[in-house]
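Work through the exercises below with the sequence and the structure at hand. Each task is followed by a solution in steps.

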Amino acid sequence: MRRSPPLLRRLPQVLLVVAAAAATLAPHEDAAAFLWPNVPEQIARALRSGDASERRLAATRVGELPPETALGLIQKGMADPDIEVRLHLARAAVHFRMPRAGDLVIEWLGEGDPRLRLAACDVIRAAPTDRSVVALGRVLGDPDPHVRLAAAAAMGAAGLPDAVSPLLGHLDDGSPEVRAEVARALGRIGDARAVVPLIGKVQDSVPEVRRATARALGELGDARAAGALTLALQDRSQDVRVEAVTALGRLRSDEATPAIAELAARSPGSPGSFSGARRGDSGTSSDDVREAALRALGRIGSDAAVKVLLAALAKDDPAAPRSAVRDALVHAGQAAAGGGAGPASGGAGAPRRAVAQALIAVLAAAPSPSTAAGAALVLGELRAREGLPALVRGMQRGAVPLRHGLRALAALGDPAALPGVLELLGDADPSVRREAIRAATALLDPANPDGRAVDPARALLVDPATPPDEKLALVRLLGRTGSPRAQAVLLPLASARSAPLRLAVIEALGAARAAGELGAAVDAALLAALDDESGDVRLRASVALSRVAGPGSARALLQRLTVAAEQDRGALGIALSGALSRADGARDRELARDVAAAVASAPDAARDALLEGLGRMPGQAAGALLARMAPAASIDDRRKIAEALAGHAEAGAALRKLAGDPDPGVRANAVWSLGAVGDRGALAPLLPLLKDPDAAVAGNAAAAIGRIAGRVGEPPRAAAALCGALADARPYVRANALAGLTAAGARCDGAAARDLLARDPAEAVRLAAADHLARAGGEAERRALARCASEDRNATVAARCAHPAAPPSGAEDVAVFVVPFDAGRGGAGRDAPVPRAPFALVRADGLMRLGVADRRGEVFERGAPSGPLRLAVPAPLVK
């Protein structure tokens, strides 16, 4: 069964409804098969049998065993006299990434059967040691080219400097495949001794060798290679030219800018630069070469490179969502903002301000529409607010097309641009009007009320000539203003006959809290909408109330929640939870007691909402009530209490007790909450939970240790605890250990994170390793990310390595409902969340929360970092 990706649909404001993959509730292809308790002993006994066929069959099953059992059997069986048994066990060693397995197969490198020599290379590549990598040197002369190829690949993967000399001795191997792999290995190792010998291979007779050599020289980053790589820009193979120009970009070689400019200046779709140019075996075309040249110029970022890119804007399509030219200019500005000049080749990164000034100068001249639009869009993506006057003037005098100028203003994010945008709300061109509405909406923030857009938006909203789709967009715009005047405009429309308009109005009313009588009127309208026949209206109203309802509405919601019909309780619970979050902890103690009292008599469908509301209520009274409930509560209640206490820093003692609960779901929630509110004293109790038999508990413990250590400023304690967890057999524990190290600002000695990025079989671990290495920022880490971006077979991981996620800023409370879809029904989804569904929620900071949903199928994440949330396959189903 192919793994189905999680689906995400963000509803208004704080509510996130997540449709999990069918794998959430069904066996997954990666899930370990069930084993009867006596099976491991049967396999162990069969491996001791005198019958070779019985041992072979047992060896094929070792991969099914738990790692702690399998590794011992592999170590004993590696000396088996039967070749087939050893080969099967070698595959199992690679599968389990068996520590120091490379030492067990050194003798195989001298075996007569080439299959054993190949298997030894594979084992060493998966689990290298200094001894085993050095031993590979003699295999580079093996008579079998497949063995030589595998040996070179293993030596490159290990990255040891001791491998450089043996590899250099085989750059002239008779097999082109081996020569190419030797070049790749030298690039991975990154030793400067390889530069000059590799320069000599740029003119190899085989294109694949030349291609691998160009890439290796780029990875080595030595300016001495610039001349040879510049000559390679004229290679007959398009693939080689792409690698050569990419390498020059990595070198940031300004010397090569004129030669690269010739490739970048070609129009998209044009033929090669000379008649002998050939399309690569991979389908590489002259367009691919041009895009690679543009990217290289963006990486070089010198004044000369920026001028070439500015000229290329004339042939660019500003209507395209993305373009290689604009991306390169943005990269030139952003990379320069990160600081530093290029290497000694002469490339110097232009400061971000210099790139912005060059764009401003373009707008001040007489550019073509495409050039002006592209320059404006790049200014917006760079968020170069100093370009606002030039951008506005360019739009006013017609140099910058209005649609593209408005897109740029929206990206710029400067509220000072709002007046100019509002002037275009009534433009005769529908495409300009729609872009103006989108831009104005993007420039407003309900947290900073701004009434300037209210009057022009209201005038268009009541105009019968305004199309329905624009009216919906105007309603959202009014909500974004955060202005009481806007809410006064919206309030009469809360009962509109048009269902889409009514839903948009309800959402807009929930964008910002109004004071006084207006706020009470908004609450009343939203409360009335909770009785609507439409479930969409009730849900939208509940979300709006969760955002803006005051404590005064909490009592009405509480009363309705305890007596309402079953189908209303989900919406009422969402609304009540948000309303309680705005209560006054000192003045509303009685309200907290009333909520706690209601828990005792409430039906299961309402209990989780009440407990969640207490967790969101400020003040120690609500936390104390939750802590007192916990000892005598049911398992489901304890799970929710453990989650809710993440909102009460004073409840650390109660959470530490819940972290020892017999139920793993309770422990998982308690450990995660400790990560949110725990102090130094919480670190010690969390350490043994890294070994908890439940993967959700252990994974959450790794995340919690990192969060606490980062908060209290103790990275060494995080490293001491989490570096060992990187060897845990469970992928999510390894992933959260890496994310925890990142959160704590801690590092492990050696190349542990780089090794996980290169060799760990789990996508979640490699993603976490990419984030961790990107924050470290060293040269070795940069090289590891570059290799991952070009070589990882998983597109998601490769993209993360190429474009590491920026640290999130800001946080929000988020409700997540787990709604699986059934792949067996053609992807048709269920229509309700699934109670107690296992989940793995990946946050924008890379930390992964593990556990089971509550009785409503909901997970409440307090203070989730702003950014995307996604579901991964739950921990129990990941091998």
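**Exercise 1.** Find which residues A753 is in contact with, leaving aside its neighbours within four places in sequence.

*Solution.* Contact means heavy atoms within 4.5 Å. With the neighbours within four places in sequence left aside, A753 is in contact with L738, A769, H772 and L773. A753 itself lies in helix 43; helices (H or I, at least four residues) and strands (E, at least two) are DSSP runs, numbered from the N terminus. This is a predicted model, in which local features need pLDDT of at least 70 and side-chain atom pairs count only at pLDDT 80 or more, while totals for chains, interfaces and linings use all residues. Residues are numbered from 1 along each chain as its sequence is written, and side-chain values use heavy atoms, with hydrogens and water left out.

**Exercise 2.** Decide whether A753 is buried or exposed.

*Solution.* Buried means under 20% relative accessible area, exposed over 50%, and partly exposed in between (1.4 Å probe, protein chains only). The relative accessibility of A753 is 11%, so A753 counts as buried.

**Exercise 3.** Check the length of helix 44 (residues 763-776) against the value of 1.5 Å a residue.

*Solution.* The expected span is 1.5 Å times one less than the number of residues. For the 14 residues of helix 44 this gives 20 Å. The end C-alpha atoms of helix 44 are 20 Å apart, which agrees. After helix 44 comes G777, with a positive phi near 75°.

**Exercise 4.** State how many residues of helix 44 are buried, and what covers them.

*Solution.* Of the 14 residues, 10 are buried, and helix 44 is mostly covered. Among the buried residues are A769, H772 and L773. The cover includes helix 42 (731-744), helix 43 (752-759) and helix 45 (779-791). Strand 5 (848-852) and strand 7 (870-872) are also included in the cover.

**Exercise 5.** Place D663 in the chain and describe its surroundings.

*Solution.* D663 sits in the loop between helix 37 (652-658) and helix 38 (664-677). Its relative accessible area is 12%, so D663 is buried. Beyond its neighbours within four places in sequence, D663 is in contact with I635, R638 and R639.

**Exercise 6.** Compare the radius of gyration of the chain with that of a compact globule.

*Solution.* The radius is taken over C-alpha atoms, and the globule rule is 2.2 Å times the number of residues to the power 0.38. For 879 residues the rule gives a value near 29 Å. The chain has 31 Å, which agrees. Of the 879 residues, 55% count as buried.
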